[in-house]
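Student: Could we go through this model together? I would like to start with the strand pairing and then move to other parts of the chain.

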Amino acid sequence: MDRTTPTVTAPRRLPASLCPHTPTCPSADSPDREAAHTVAAHPEQGWSLLCNGVLLFEDTGELLPDGKVIAPHRPLVVAA
Ligand SMILES: [Zn+2]
């Protein structure tokens, strides 16, 4: 068994087979996942789909491809 898989702490990138962009987008488990290109935007529904499969909501919440939910991390501006 090859046990050389490193503990990854650095930002990860999608393989070129999954991402047509240059440079390739960060993977969904990378800290900079929001930097991935938007491949589908639905502002009227308040979300956009990033190249790495992350659903990014307009309140900055995120839904990762593995089902994990990231809570919104920017304060909402509530219109009076
Ligand atoms: Zn991409």
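Student: Which residue is the bridge partner of Thr38 in strand 2?

Tutor: The bridge partner of Thr38 in strand 2 is Leu50. Strands here are DSSP runs (E, at least two residues; helices are H or I, at least four), numbered from the N terminus. The model is predicted: local features need pLDDT of at least 70, side-chain atom pairs count only at pLDDT 80 or more, and totals for chains, interfaces and linings use all residues. Residues are numbered from 1 along each chain as its sequence is written.

Student: How many bridges join strand 1 to strand 2?

Tutor: Four bridges join strand 1 to strand 2 (residues 47-50), and these two strands run antiparallel. Among the facing residues, Ala40 stands opposite Leu49, and Ala41 has Ser48 as its bridge partner.

Student: What about the turn of that hairpin: which residue takes a positive phi?

Tutor: Gly46 does, with phi near 80°. The hairpin of strand 1 and strand 2 has four residues between the strands.

Student: And strand 2 with strand 3, how many bridges there?

Tutor: Three bridges join strand 2 to strand 3, again with an antiparallel run. Ser48 has Leu56 as its bridge partner in strand 3. These strands also form a hairpin with four residues between them, and Gly53 in the turn has a positive phi of about 90°.

Student: What is the order of the strands in the sheet?

Tutor: The sheet is open, with five strands in the order 1-2-3-4-5 and antiparallel pairing. Its edge strands are strand 1 (38-42) and strand 5 (69-70), each of which pairs on one side only. Two strands pair if DSSP finds at least two bridges between them.

Student: How many helices and strands does the protein have?

Tutor: The protein has zero helices and five strands. From the N terminus on, its elements run β-β-β-β-β.

Student: Why does strand 1 lie largely in the open?

Tutor: Strand 1 lies largely in the open because zero of its five residues are buried. A residue is buried if 20 or more other C-beta atoms lie within 10 Å of its own, exposed if 12 or fewer, and partly exposed in between, with C-beta atoms placed from the backbone. For the protein as a whole, 16% of the 80 residues count as buried.

Student: Then which residues make up the largest nonpolar core?

Tutor: Eight residues make up that core: Leu14, Cys25, Ala28, Ala36, Leu50, Cys51, Val54 and Leu56. A nonpolar core is a set of buried Ala, Val, Leu, Ile, Met, Phe, Trp, Tyr and Cys residues joined through C-beta atoms within 7 Å. In soluble globular proteins, nonpolar side chains tend to be buried together.

Student: Changing topic: which peptide bond is cis?

Tutor: The bond from Thr22 to Pro23 is cis, with omega near -5°. Pro23 lies in the segment before strand 1.

Student: Lastly, what is the phi of Thr60?

Tutor: Thr60 has a positive phi of about 75° although it is not a glycine. This residue is found in the loop between strand 3 (55-57) and strand 4 (62-63). Thr60 is partly exposed, with 14 other C-beta atoms within 10 Å.
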